[in-house]
Amino acid sequence: MKVGIYYGSETGNSEMLCEDIEAELGDGFDCDIQSLADVDPSAMEKDAFYIIVTSTYGNGDLPSTALPFEEALTEGKPDLNGIRFAIFGLGDMVFAETFAHGSMKLAEMMKAQGATQVGERGIHDASGIEMPEDIALPWVKGIMGLMDAEQAA
């Protein structure tokens, strides 16, 4: 299965987590890690599955590397019907009012264009004791289990 693993980041944590996710998936998947800055949503392929990891920046916004993707979604309004994705957000509960809102906003924008979210949004709290991969790797196993069940049906 072709898996696009895309990240939005200010500090590089999302990109590093994508590398961990790729390693967790193993050799059975054709993975492609890219910054959301380099992704055209209208070029996303229906036969691929997408895992998106993004932090939240400022007042619940997307990080700078995700802004071109956001702009392409909101202004270009590409048809994402048939696109399946899962999303994982990095945030910090110190900012409780906007905690992990970047990933929430991006998921809503993609669904508004017809994409289908698989599973629940994963979230990591930087103010907690667990490392992002401690939360994300079990989450991605669950997501891929949902994909396996979907394909078997």
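These legends describe close-up views of a predicted model.

**View 1. The largest nonpolar core, which has 22 residues.**
Ile21, Leu25, Phe49, Ile51 and Met144 are the members that touch the most other members of this core. At least two residues each come from strand S1 (2–8), helix H1 (13–25), strand S3 (48–55), strand S4 (84–91) and helix H4 (132–152). H4 provides seven residues, the largest share. Apart from this core lies another, of 20 residues, which includes Tyr6, Phe69, Ala107 and Ala115.

**View 2. The surroundings of Phe49, a member of the largest nonpolar core.**
With neighbours within four places in sequence left aside, Phe49 is in contact with Met1, Lys2, Val3 and Gly4, among others. Further contacts of Phe49 include Arg84, Phe85 and Ala86. Val118, Ile143, Met144 and Met147 are also in contact with Phe49. Among these partners, Met144 is itself listed with Phe49 as one of the core residues that touch the most other members.

**View 3. The aromatic pair of Tyr6 and Tyr50.**
Two aromatic pairs are found in a search of the whole structure. In one of them, Tyr6 and Tyr50 are tilted, with 5.4 Å from centre to centre and 40° between the planes. Tyr6 belongs to strand S1 and Tyr50 to strand S3, so the pair ties together parts that are 44 residues apart in sequence. Tyr6 and Tyr50 are both buried.

**View 4. Helix H1 at Cys18 and Glu22.**
Cys18 is buried, because its relative accessibility is 0% and the limit for a buried residue is under 20%. Its contacts, leaving aside neighbours within four places in sequence, are Ile5, Tyr6, Tyr7, Ile33 and Val53. From Cys18 to Lys105, 87 residues apart along the chain, the C-alpha separation is 19 Å. Glu22 has a relative accessible area of 32% and is therefore partly exposed. Not counting residues up to four places away in sequence, Glu22 touches Ile5, Cys31 and Ile33. Ile5 and Ile33 are also among the contacts of Cys18.

**View 5. Packing of helix H2 (residues 67–76) against helix H3 (residues 101–112).**
The two helices pack at an angle of about 35°, and their axes are 10 Å apart. The crossing of H2 and H3 is left-handed. H2 makes the contact through Phe69, Glu70, Leu73 and Thr74, and H3 through Leu106, Met109 and Met110. By type, the residues of this contact are five nonpolar, one polar and one charged.

**View 6. The loops holding Lys77 and Gln113.**
Lys77 lies in the loop between H2 and S4. Its phi is near 45°, a positive value in a residue other than glycine. Lys77 is exposed, with a relative accessible area of 52%. Gln113 lies in the loop between H3 and strand S5 (116–117). At a relative accessible area of 15%, Gln113 is buried. Lys77 is one of the residues in contact with Gln113, together with Leu73, Pro78, Asp79, Leu80 and Asn81, when neighbours within four places in sequence are left aside. Gln113 and Leu80 are 33 residues apart in sequence, and their C-alpha atoms are 5.4 Å apart in space.

**View 7. Ser55 in strand S3.**
Ser55 counts as buried, at 13% relative accessibility. Not counting residues up to four places away in sequence, Ser55 touches Gly8, Ser9, Glu10 and Ser14, among others. Asp61, Pro63, Leu90 and Gly102 are also touched by Ser55.

**View 8. Trp139 in helix H4.**
Trp139 has a relative accessibility of 12% and so counts as buried. The residues touched by Trp139, not counting those up to four places away in sequence, include Ile51, Ala86, Ile87 and Phe88. Trp139 also touches Glu120, Arg121 and Gly122. Of these partners, Ile51 is named among the residues of the largest nonpolar core that touch the most other members. Trp139 and Val94 are 45 residues apart in sequence and 23 Å apart in space, C-alpha to C-alpha.

Definitions and conventions
Residues numbered from 1 in each chain as written. Predicted model: local features only at pLDDT ≥ 70, side-chain atom pairs only at ≥ 80, totals over all residues. Heavy atoms only, no water. Core = buried A, V, L, I, M, F, W, Y, C linked by side-chain atoms within 4.5 Å. Buried < 20%, exposed > 50% of the residue type's maximum accessible area, 1.4 Å probe, protein only. Helix = DSSP H or I, 4+ residues; strand = E, 2+ residues; numbered from the N terminus. Contact = heavy atoms within 4.5 Å. Phe/Tyr/Trp six-rings, centres within 6.5 Å; stacked < 30°, edge-to-face > 60°. Axes fitted to C-alpha atoms, helices over the stretch in contact; angles between N-to-C directions. Left-handed = near helix turned anticlockwise from the far one by under 90°. Nonpolar A, V, L, I, M, F, W, Y, C, P; charged D, E, K, R; others polar.
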